[in-house]
Amino acid sequence: MDRRAILRLAVGIPFLGVGGLVRPGQAEHLVKPVAAGGAVRPPALRSPRLVMIDPGHGGKDPGAIGAGGTYEKDVTLDLAKELALQLRKTQGLSAGLTREDDHFLELGERVDVAREAKADLFLSLHADSAPNANARGLSAYTLSEKASDAFSQALADKENYADRLGLDLKHTKPVVADILMDLATRHTQAASLAARQGIVRGAGRDLRLLENPMRSANFVVLKAPDIPSVLVETGFLSNRQDEAVLRDPAQRRRIAGILARELATLLASPTFA
Ligand SMILES: [Zn+2]
C-alpha cells in the first residue's frame, strides 16, 4: 500500500486525537496541505503574561531563621508554588519559578531564568529578619542605586551577600554580568514602580503592611534591564506574629491568593499591555 492510500485510510477512520475522538470530516485537515494564499488564522492578539516568581534563598542558604525555627527558604518556596498555581488558573496569566526545590541559585542565575523565559514581570519573594523584632508586615522593593533608607540598604546588603556563597559555583554568564552593570531602562523602572505600587496598595486592603511599605534598594536580583522587577517581603521571620502567619499553610495560601489577585489586575493594566 502506498503512502497516499494509507492517508486515505487514515482519513476514513475515526481516531483519537489530542482532544478526544476525531470524526472523519474533522480529521481531513490533518492530511490536507494548506492551500497557497489561503486564509491563515491570525495569531492570538496577546499571549498570556508570564510572571517569573523567585523564591528567595535555597539550598545551603537558608535565609532568615525564625525564633520558632522556620526557614525563610522554605516559606518562600511554598508561597511561590502556591502563587504559581493560582496564577496559572487565572485567564491571561502564566507563571514560572526560578527554583522548584531546595537548591542554591546565584542571584544572577535567577535573573537569567527570567530573561530566558522572556518574563513580563519578575517577583522575588522573601521573609527576612529585621533588626527590630517589632517590625512586621508586607513591604515591596524596587531597584535603586540609592536606598530609600538605612534599613533597606542593610537588607539589600544582606541579600546580596548571599551571593558569596555561590563563588564556588559556575560564574554568571558574561551577558548577565554586563547587564548587571547597567541601570534598568526607563520603561522597566516605570513598570517596576507601578508593580510595587499595585502590589502594596492592593495587598494592603487585606494584609498588614510594614511602615513605609514602598521601598527601594540596590538588590542585585532586581537588575534585569528589560523585565520589571519587584522584591516582596511578605513579612519578617524575626517577628513572632509574622512567623506564626508565614508558617501556617492556610495563611500562605491566603497570601498567595491576594498576591495573585493583585498581579492579575496589574498585568491587565496599560503599563503591561
Ligand atoms: Zn531573603
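Reader: Which residue's side chain meets that of aspartate 54 in a salt bridge?

Author: The model is predicted. In this model, the N to O distance of the pair is 2.8 Å, and a salt bridge requires such atoms to lie within 4 Å. The partner of aspartate 54 is therefore arginine 110.

Reader: How many residues apart in sequence are the parts that aspartate 54 and arginine 110 tie together?

Author: Aspartate 54 belongs to strand β3, residues 49-55. Arginine 110 belongs to helix α4, residues 107-116. Both residues are buried.

Reader: Where does aspartate 149, the salt-bridge partner of arginine 215, lie?

Author: The side chains of arginine 215 and aspartate 149 meet at 3.1 Å, N to O. Arginine 215 is in strand β7 (residues 209-217), and the two parts tied together are 66 residues apart in sequence. Aspartate 149 itself lies in the loop between β6 (138-143) and α5 (150-161).

Reader: Is aspartate 149 buried or partly exposed?

Author: Buried means under 20% relative accessible area, and exposed means over 50%. Arginine 215, at 8%, is buried. Aspartate 149 has a relative accessible area of 26%, so this residue is partly exposed.

Reader: Which residues are joined into one network with Arg261 and Glu262?

Author: Glutamate 262 and arginine 261 form a salt bridge, with their closest N and O atoms 2.7 Å apart. Glutamate 262 is buried at 7% relative accessible area, whereas arginine 261 is partly exposed at 33%. Through salt bridges that share partners, Arg261 and Glu262 are joined with Arg205 and Asp206.

Reader: How many salt bridges does the structure hold?

Author: The pair of aspartate 54 and arginine 110 is a salt bridge, as is the pair of arginine 215 and aspartate 149. For the structure, the number of salt bridges is 11.

Conventions. Residues are numbered from 1 along each chain as its sequence is written. This is a predicted model: local features need pLDDT of at least 70, side-chain atom pairs count only at pLDDT 80 or more; totals for chains, interfaces and linings use all residues. Side-chain values use heavy atoms; hydrogens and water are left out. Helices (H or I, at least four residues) and strands (E, at least two) are DSSP runs, numbered from the N terminus. Buried means under 20% relative accessible area, exposed over 50%, partly exposed in between (1.4 Å probe, protein chains only).
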